[in-house]
Every structure is written in structure tokens, then in C-alpha cells.
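Let's take a quick tour of a protein model. Have the structure open while you read, and find each spot as it comes up.

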Amino acid sequence: MSTLRTTSRETAISHAGVLAQALPWLERFHGATVVVKYGGNAMVNEELRRAFAEDVVFLRMAGLRPVITHGGGPQISAMLDTLGVESEFIGGHRVTTAAAIDVVRMVLTGQVQREIVSLINEHGPFAVGVSGEDAHLFTATKRWADVDGVPTDIGFVGDISDVRPDLVTDLLDDGLIPVVSSIGVGVDGQIYNVNADAAAGALAVALNAHKLLMLTDVEGVYANWPDSNDVIRTLSLSELNELIPGLAAGMIPKMQACATAIQGGVQRAHVVDGRIPHSVLLEVFTSEGFGTMVLPDEEVR
């Protein structure tokens, strides 16, 4: 019995120490807006999905203002296959036909978003779903893919040209957690499939966010991939811009979003390994940091 009491006491002291370490970060980030791009393995693994929802609610309860943006590439592909709608990729972009854009819209706002909202709301009435087309949150223009120097039509794929942040800030001011789908709408009302990484970067800038967190399926930006798996812990904006052309294809839009955010005034952009449970909390509330952090040039000179 004495051994049990000792073990319990040591565990309690350890837990208290962890909470005490978080205090400086709780003070520093109280009231700060944090945009989190949610995707990858963290979106499909049940344990990680629930850990992510807990992290987001913790941020909210700790006085931060979290905003979630998401895509849903695997879910869209699965639904297109189920419905027998052809899907192909050109220049790294999904060709989005008139039939496909309806499926994209349905999956992102009707399936993926609802799942995220439901997970968060298991902990309280916090999350509310928002589509990028709602009140023209994301205004988009048609994107053309560059294939060997030739502009190529890839259908209803768009780039964000304008963001209306007041829709999101009103929700934040009401104590809610916006969950934003990466759908854009043109000035003519046309719906576009928008890259979720780009949407997260643009939204972080428009909200004047303190942080942008990009959940990925890697540890961070590797120093010399594939010859080394050493992770670069800190990058300046200039260093990142030099690295981007040589990165793996899947990392380029994520790091471009980080660059967009820092250039637009966001103080910190992070690439975080979403395969680790509670990776969001590890990044925000520990001094060691987690993954790769991008800073403005003047902070690393």
C-alpha cells in the first residue's frame, strides 16, 4: 500500500510539473488566434482524431482562439470512386469537373466538416462549421496548371484572391471554434475546389493570427532529404523560400502556406507531425517545440 501511495504521489507531482511548465505559454498566448490546418493521418486515425479534438478544446478553454481549416483528399477520392466519377491529377492538382465539384462540396462540408464539428462538440457546444463559400469567406479565381510551361485547364480549381475575416472573427468573439472547409466562390458565384494548405495560410493572414500550425505526416522539414532525416527546427522566411523549390511535392503547398503567413504578418508558422497524439499542445505549450518553426527574417539575424 505504501508503494502505491508513493507511485500515485510521484505521478501527481509529475503531472503538476507539466502544468506548471505550460504557465508561461498560457500567459503569452491568452487571447491569441491560432489557425490549425487539419489533415493527413490525424484525420483518419481514430485515436489521433480524438486527441486532436481534445487539443482544440484545450486551446479554447485556455483562452486562445483556435480556428480549424481542413481539406479531405482521401475522402473525396473515395466518394468519387463510389459514385463512378472519373478523377485524375495534372500538375499535382485534382482535375475538378462539374460533376466532381459537386462531390467535393458535398464531402468537405457535408461529411468531413461535420465529423470534425461532432468530435469537438463531444466536449461542449464550441464548434461551428463554415464553408469558404459562406458569405464569400473565400473569394477565388480559376487556377490553371503549368504543364511543361503550358497553361492547362484543370476545371473548377481556384486560388484565393480575397478573404472576408469578419465572419470568422464574429464566431471567435462569441467563444466558438470555427471549422472552415476549403471551398471558394468566384465573383460570378462559381464554386471552386481550393487547396486547404493555401486556405489556411490566407486565413491566418486575414485574421492577423499569432500562429499557423500545419499538421503533416512527417516530423518537419528535413535538412537533406532523402539522404538524412534530420529535422530543421527553425527557418527564417528567406531560408524557407530558398528551400521550397527542392522540397518533396507534398510539402511544397504546406511550406508555401507558411511563407505566405509569415510574409503577411503572422508571427509564427509551424509544421507539426500530426501522427503524434496531442502534437498541437506539444507545439503550443512546451519550450522544446515540435517540428519546424518558420520565423520572420529579422528574428533570426
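Predicted model: local features only at pLDDT ≥ 70, side-chain atom pairs only at ≥ 80, totals over all residues.

**The cavity**
- Searching the whole structure turns up one cavity of 30 Å³ or more.
- The largest cavity holds about 40 Å³ of space.
- Its lining is made up of Ala42, Leu48, Ala51, Phe52, Asp55, Leu215, Gly274, Ile276, Pro277, His278, Ser279 and Val280.
- Two elements, helix H3 (46–61) and H10, each give two or more residues to that lining.
- H3 is the top contributor to the lining, with four residues.
- Sorted by class, the lining of the largest cavity has eight nonpolar residues, three polar and one charged.

- You'll find Ser279 in helix H10, which covers residues 279–285.
- Is Ser279 buried or exposed? Its relative accessibility is 4%, so Ser279 counts as buried, since the cut-off for buried is under 20%.
- Setting aside neighbours within four places in sequence, Ser279 touches Asp55, Leu215, Val272, Asp273, Gly274 and Phe290.

**Helices H7 and H9**
- Two packed helices are described by the angle and the distance between their axes.
- For helix H7 (residues 196–206) and helix H9 (residues 252–263), the axes come within 8 Å and cross at roughly 10°.
- H7 and H9 are therefore roughly parallel to each other, as angles under 35 degrees count that way.
- On the H7 side, Asp197, Ala198, Gly201 and Val205 meet Pro253, Lys254, Ala257, Thr260 and Ala261 of H9.
- That contact of H7 with H9 brings together five nonpolar, two polar and two charged residues.

Terms used. Residues numbered from 1 in each chain as written. Heavy atoms only, no water. Buried < 20%, exposed > 50% of the residue type's maximum accessible area, 1.4 Å probe, protein only. Contact = heavy atoms within 4.5 Å. 1 Å grid on protein atoms, 1.4 Å probe; cavity = no way out; pocket = protein on both sides within 12 Å on 5 of 7 lines; lining within 4 Å. Points joined across faces, edges and corners; volume = space filled by probe spheres on them. Nonpolar A, V, L, I, M, F, W, Y, C, P; charged D, E, K, R; others polar. Axes fitted to C-alpha atoms, helices over the stretch in contact; angles between N-to-C directions. Parallel < 35°, antiparallel > 145°, perpendicular 65-115°, else oblique.
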